[in-house]
Amino acid sequence: MDYLIVGIASYLMGSIPFGLILTKVFLNKDIRDIGSGNIGATNALRTGNKLIGYSTLVLDIAKAIIPVIFVKINYPDLIYIASLCAFLGHVFPVWLKFKGGKGVATYVGILFSINFLLGIIFAASWGIIFLMFRYSSLSSIIGSISIPIYILITDQISTAIFFSIMFVLIFFTHRENIKRLKNKEESKTKIY
């Protein structure tokens, strides 16, 4: 029963579409009609309102941190269920006909909650690639593959499986970006 409660609660927390809520409340716009149509932080920045973009980023990270930390303290054996369900909530939110964001900010929250060092590794990888190429999508893909690679190098085979699954999911959510990157049609991202 704990598995079910943790899974549903984490999914529901992860499925709160902060990008959509903030743009509706403060700009009276639907974020799905802006830029890529995505509800995440990168597209929230395309509204032209940096405060909404960064607020979306922080809240999308927080909606993973809250359930994952709670579960880490109270039900440590269920931490990967909470993490996966929070991520799936963001990517497939029940409120938006299962059409959500790409899950990167939520994944960052998961990483910092499970192991602070993993969050730092992701952020460093993301930052280096972004400074080199200015593509948020490419940075996210490289950042997410860096985690299972690091875990395999440090011989943590059991957790490598979970983070490999997470990489596959992030790769899947970025499939359109990957096509645009291959065709040199991807938009560069302005984060400041």
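Which residues does histidine 90 touch, not counting residues up to four places away in sequence?

Analyst: This is a predicted model, in which local features need pLDDT of at least 70 and side-chain atom pairs count only at pLDDT 80 or more, while totals for chains, interfaces and linings use all residues. Residues are numbered from 1 along each chain as its sequence is written, and side-chain values use heavy atoms, with hydrogens and water left out.

Histidine 90 touches Gly14, Ser15, Ile39, Asp60, Lys63, Gly100, Gly101, Lys102, Gly103 and Thr106, residues up to four places away in sequence being left out of the list. Contact here means heavy atoms within 4.5 Å. Histidine 90 belongs to helix 5, which covers residues 79-91; helices are DSSP runs of H or I with at least four residues, strands are runs of E with at least two, and both are numbered from the N terminus. With a relative accessible area of 4%, histidine 90 is buried. Buried means under 20% relative accessible area, exposed means over 50%, and partly exposed lies in between, for a 1.4 Å probe and protein chains only.

The axes of helix 2 (residues 18-27) and helix 4 (residues 50-74) come within 9 Å and cross at roughly 145 degrees. Such axes are lines fitted to C-alpha atoms, for helices over the stretch in contact, with angles from 0 to 180 degrees between N-to-C directions. Helix 2 contributes Phe18, Gly19, Leu22, Thr23, Phe26 and Leu27 to the contact, and helix 4 contributes Ile52, Ser55, Thr56, Leu59, Asp60 and Lys63. By class, six of these residues are nonpolar, four polar and two charged; Ala, Val, Leu, Ile, Met, Phe, Trp, Tyr, Cys and Pro count as nonpolar, Asp, Glu, Lys and Arg as charged, and the others, Gly among them, as polar.

As for the whole chain, the protein has ten helices and zero strands. Its radius of gyration is 16 Å, close to the 16 Å that the globule rule gives for 192 residues, so the protein is as compact as a globular protein of that length. That radius is taken over C-alpha atoms, and the rule is 2.2 Å times the number of residues to the power 0.38. The C-alpha trace spans about 40 × 35 × 25 Å along its principal axes. Of the 192 residues, 48% count as buried, histidine 90 among them.
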